[in-house]
Every structure is written in C-alpha cells, then in structure tokens.
Amino acid sequence: MFDTLSDRLQLTLGDLGRAKRLDEDAVNKAMREIRLALLEADVNFQVVKDFVAGVKAAALGEDILKGLDAGQQVVKLVHDRLAELMGSGDSKLAFGRPPTVILMTGLQGSGKTTTSAKLALHLRRQGKRPGLVAADLQRPAAIDQLEQLGRQIAIPVYRTDTSDPVRAAAEGLERAKGDGLDVVIVDTAGRLHVDEALMDELARVRDAVKPLNVLLVLDAMTGQEAVNVAEAFQRRIAFDGVVLTKLDGDARGGAALSVKAITGKPIKFASVGEKLDQLEVFHPDRMASRILGMGDVLTLIEKA
Amino acid sequence: AKSRRALTAEIGAGTFSVGDEEAWERLEEALIHGDVGVRATAELVRRLEARGEIGDLGEALAEEIEALFGPAVTLDLSASPTVILVVGVNGTGKTTTVGKLAQKLREHGRTVLVGAGDTFRAAAEEQLEIWAERAGADFVGAPAGGDPAAVAFDAVEAGRARGRDVVIVDTAGRLHTQSNLMEELAKVRRVIEGRIAGAPHETLLVVDATTGQNGLQQARLFGESAGVTGVALTKLDGSAKGGVAVAIAYELGLPVKLVGVGEGIDDLRPFDPREFARALVSG
Ligand SMILES: Nc1nc2c(ncn2[C@@H]2O[C@H](COP(=O)(O)OP(=O)(O)OP(=O)(O)O)[C@@H](O)[C@H]2O)c(=O)[nH]1
Ligand SMILES: Nc1nc2c(ncn2[C@@H]2O[C@H](COP(=O)(O)OP(=O)(O)OP(=O)(O)O)[C@@H](O)[C@H]2O)c(=O)[nH]1
Ligand SMILES: [Mg+2]
Ligand SMILES: [Mg+2]
C-alpha cells in the first residue's frame, strides 16, 4: 500500500519535482501526502498535525540536495525528523543499588509477561542475576505462564500465595533480594487505563517495590487510542520507557510516535516475536522508515 | 484531554453546515481519530454528502455507520454439533472469548465442549481449562508442543461422541504475516471440515478494539487462510470504540457478531450495530 510514498510524492509534485528549492506549493502538496501516510500508520491525528506543521516550517526554502528530487528531499527531511524525535531520551535501563527493580505495566494482552521473561534473559546475557516476580493474580493461569517461561530459561520465579498483588510484589521482591539477585522484574496484570481501581492498585504496587524502571508495554498494532493510554499511564504511574511489541508483523507502528510525542518517554526495546530471545534494542531510524512505509527510497537517501 | 472528546464534540455537531468545508474536514478528522480509517471515512463522508439535508449530524453519522454494518447477524448454531473455530493475532482475547462464549451458550441451555488448540503459548492450556471449569463445559486438552490439528480432531470427535451441542476450538495467537502459522491454521480448519461436513460452522476472528488500521489486514489474511465468518470485538470496556470494525465491515463485508466488554465470564454481548454506532459517535 505505502512502500510507494516517494512515488506518490513524485506524482503529486509533478513538475515541481525538478525544482532546485522547496517552495511553498511543493511543500504544501508534499505535506498532504505525508499527513496521509502518517494517519495510515495509525499516528494519532493531533500528533500528525503538530508534526507536519513542524516539518513544513523546516522544509520551506530548503535547498534540494544533489541527486535527490523534491519528493525525496521531503521524505528525507521527514524521515530524519521522525528518527530524531523517536531517538531522543535514554534508551538504556537504569541500574542502582541492587536489586534494581523493573515494573512491567500495560493494557491486557500487550505482551507484559512474555517481555518480562525476555528481559530477564537479555539481562542475564549481560552478566546480571535477574529474577521474576509474579504479581498478576487476575488472569487465569498467569502465574503458570510466568513460571513456565522462567523454567524455559532457568530464571527463578517468585510467587506468593495471596490474592493481593501489592503483597505478592513486595514479598517476591524480598525473597529475590534474600537470594542475592541483582535485578527483579515484576510482572503485573493487564489493565485498562480507564479502570480507576486497577490503576490505583498499580500505583500501590509501584510504591511497594520502588522500581527504578517502570516500563509501559505497548502493542505495535495499537491505533489512535495509544495517546489516551500513554497519557493515563503517565499520569498515574509515571513510566520511564516503552517496550514496543509484536513488531514482527506488518503493523506500521505509528503508536510509537504518538506515545513518544505525547509523553517524551523513550522507547527502549522492540519485541519481534514470541520466542524469548526475540527482544532487540530500539532503532529509531528503522522505526521512522517503517512508519513512513518506505523501503527503496531509503537507500537513495543514504547515498545522497 | 482533547484527544478524549467524543466525535460529535470534535466536529461541533450542533453547528454543522453542509456548505462548511472546515466542518467536513473536522468530521473526517474525527472519524480518523476513531480508527475508522481513511477509506471508510471517505465513504461515510460521501454518503452523508449524498443526503443533502443532514439535520443532526451525530444522528446522521450514527445512522450511516449502522447502515454500513447492515442488520445484526447472530451466530449460526443450527448444526449439531455446531463447531466454532476461534482465531486471531496474539493477545486479542481469544481464550477469554472462548470461555465467555461457552458460558453464554450454557446459559441458553446448550451443552458445550472446548478444545485447547493453542499448544504453543506457555500455560495456554491451563488458562482454557480454568475457563471451561467456570463455564461448566467439557474440556479437551493436549500436550504442550502437540499438533493443534490433532487437538481439533479430538475435540470434534469427543463432542460428537458425547452428543454436545457446540464444540469451540481455541487456537494459538499468530500474526497474519507468519505464513507457516497461517498454513497450520488452514490445516486445523481442513481437519475439522473432514470430520463434519459444513464445519466449522463459524470461524470467529477476535479483534482487539484498541487496534488501528492493522486490523483490516488481519481480517483480510485470516479470512483467506481460515474462512472467517465474523468478528468478535474485544476490550470495548476501555475508551477505544473499535472503529476499525467499520473499516472491516466496509472493505471486507465481514460482520461483527460478538463484543467483549470485560474480563469477567458474563462480559460478552451480541453485537448491536445501532448501539455500536452511537457509542462510536458520541463517546
Ligand atoms: N508475534 C509476537 N507475539 C508476541 C510478542 N510479544 C508477545 N507476544 C504474544 O502476545 C500474546 C500476549 O502476550 P502476554 O505476554 O501473555 O501478554 P500480557 O501483556 O502479559 O497479557 P495479560 O497478562 O493478559 O495482560 C502471547 O501470545 C505472546 O506470545 C511479539 O513481540 N511478537
Ligand atoms: N478489559 C478486557 N479485557 C479482556 C477482554 N477480553 C480479553 N481480555 C483480557 O485480555 C488478555 C488476553 O486475553 P486472552 O484471552 O489470553 O487472549 P488470547 O487472544 O487468547 O491470547 P494468546 O492466546 O496469547 O494469543 C487477558 O488479560 C484477558 O483477561 C475484554 O473484553 N475486556
Ligand atoms: Mg501477563
Ligand atoms: Mg489464548
């Protein structure tokens, strides 16, 4: 559908494509296409508006680089801005006096439990001694799931026989500490950002385990709603970074841009499959190309 | 926040005038903001324009959305046993929907058997077994790593042998781009077809209401591999209104049959196009 952003721009820009400078007419026409591309990628429409306004201002009067036409020049500009925006902020986890606590939060089914196990594996490969704490006492067999994942990668999982997630989190942390682990990852139940009671419960879990890293686990297929989700989790829980999941599919992943633009919080990891080694550090430039849906044009731009 | 306002608030429904370009633009934006997508939005705008006289815009828009869905379609449960296959991408709510649906059917006096066709995800079988117990349905499990088609076979056979009214087969979440896993799903379907002519009688695609435009591609490709007959739209208890279902209905003609409105066993409803359209428009 949209591996042809550059084609579409060339079509729209017509003769303007051969101009030496981006004039107002060319920029306006190009921005219409960019706007559509971003909306089709599920970037929140308010974020699209602001972003496009910013790029437009930057594009006006810009000299067109040798070897590029006007369309490609615009794409390059948009791409670079997008990558810059998404790449700002520290994408590394914070580590303090051990044990460092990582709290996993997010909507139902976004990938928290799977990502918890992946992170544990990732950190052990970096020489840490991680453990997992089961604090989802809600979803049927959620603890079983975490225990089975822990077993697959030989990472200890702490469960407490209680119906209170705050207690499960706190006791799990204590025991992990007692066992000399230096990173403790707390898996929580999925919850909707509009569920006041469950958001409040999450805040109490956070207060009990004092995480140095609160991560929002976000499904890359999320639509316009991503902004509401991010705002609410930001307000109630104040997360430090995002893990974007299910990027192995064909979702354009505009939600990533929405969340970054609204909260300013960095995207730290990309999850690219169901297997436990399928976790990657986040690449802003790849994400920018993905959101714009461009393949061929990138190589052109890189050469320019 | 601005982003949370209802569609009608965004477009200023009361003051809408047909000749007002900006008002039309705001209407388009509002629909895009509701995840309806660019093409279905253009169609809705076209239909509204064709009306000439619009009157109350919120009302008119809701009517057009409702019309786009057509009349409500319910599950076809006439066969005995009726076999229902449940498919979708990861984490949308398939297993939960199987549990809730089993409960609904039990309430309507039907006997139900559920089959744990997800042999891949950790504790997927345990999760479904808990739901089966809650709903008072028979349960057919499988060893982890087993063949999902074999589970489907066992479930259909057991359902038939025991004279159950409905057999519901859960499957592992898979992205529609994973061709080997989509082929696996097609095989599950073929095995069911081979046991009972005309089965599966329903193949439900479970779509998360927070999904954006990717939902359309999900419906397209699951439709091709698994012969989807309807959508179950989950997590409508959040603030997402599931606008992508409008795009799915418009572009693929696929009806929504069920909606999920919570994590509890009773949180499943038949799809009501009017109610859905009004909720989408008025927030
Ligand atoms: N394809 C793909 N699937 C993923 C990825 N991450 C997680 N999943 C799958 O998504 C589904 C949900 O993952 P979970 O880890 O159970 O999600 P959760 O957020 O813990 O879910 P709840 O606890 O119910 O809120 C499972 O089928 C996972 O295997 C990913 O990066 N790619
Ligand atoms: N709020 C809400 N949560 C739901 C709804 N339906 C399912 N869930 C939750 O969504 C999460 C995922 O549900 P599952 O039924 O495990 O999803 P699935 O599609 O079977 O997941 P995989 O098998 O891993 O692909 C769980 O935490 C469910 O409780 C719903 O209608 N509303
Ligand atoms: Mg979980
Ligand atoms: Mg499942």
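Helices here are DSSP runs of H or I with at least four residues, strands are runs of E with at least two, and both are numbered from the N terminus. The model is predicted, so to speak of local features a pLDDT of at least 70 is needed, side-chain atom pairs count only at pLDDT 80 or more, and totals for chains, interfaces and linings use all residues. Residues are numbered from 1 along each chain as its sequence is written, chains are lettered from A and ligands numbered from 1 in the order in which they are written, and side-chain values use heavy atoms, with hydrogens and water left out.

**Stop 1: ligand 2**

Select ligand 2 and the 22 residues around it. A residue is near a molecule or strand if one of its heavy atoms lies within 4 Å of it. Lys94(B), Thr95(B), Thr96(B), Asp237(B) and Glu263(B) come nearest. Now colour by chain. Residues from both A and B surround ligand 2, so the site is shared between chains.

Next, show the backbone. Polar contacts are pairs of N or O atoms within 3.5 Å; within protein, one atom must be able to donate a hydrogen and the other to accept it, and residues adjacent in sequence count only if both atoms are side-chain atoms. An oxygen atom of ligand 2 lies 3.2 Å from a polar backbone atom of Thr92(B). For Gly260(B), the distance from a polar backbone atom to a ligand 2 oxygen is 3.3 Å. For Val261(B), again a polar backbone atom, it is 3.5 Å. Taken alone, ligand 2 exposes 650 Å², and the protein buries 96% of that. Accessible areas come from the Shrake-Rupley method with a 1.4 Å probe; for residues, only the protein chains shown count as cover.

Colour the shell by class: 2 nonpolar, 12 polar and 8 charged residues. Ala, Val, Leu, Ile, Met, Phe, Trp, Tyr, Cys and Pro count as nonpolar, Asp, Glu, Lys and Arg as charged, and the others, Gly among them, as polar.

**Stop 2: ligand 1**

Move to ligand 1, which lies between chains A and B. Of the 23 residues around ligand 1, Lys112(A), Thr114(A), Arg139(A), Ser271(A) and Glu274(A) come nearest. Helix α5 of chain A, residues 112-125, gives the most to this shell, with 4 residues.

Pick Gly111(A): a polar backbone atom there is 2.8 Å from a ligand 1 oxygen. Then show two side chains. A polar side-chain atom of Gln145(A) lies 3.0 Å from an oxygen atom of ligand 1. From chain B, a polar side-chain atom of Asn90(B) lies 3.4 Å from a ligand 1 oxygen. Alone, ligand 1 exposes 640 Å²; the protein buries 96% of that. The shell has 3 nonpolar, 12 polar and 8 charged residues.

**Stop 3: the sheet in chain A**

Switch to cartoon. An open sheet of 8 strands runs in the order β3-β2-β4-β1-β5-β6-β7-β8 in chain A, with mixed pairing. β3 (157-158) and β8 (279-281) of chain A stand at the edges with a single partner strand each, so one side of each is left without a neighbour in the sheet. Two strands pair if DSSP finds at least two bridges between them.

Select β1 of chain A, residues 100-105: 4 bridges join it to β5(A), and the two run parallel. Within this pair, Leu103(A) stands opposite Val214(A) in β5(A).
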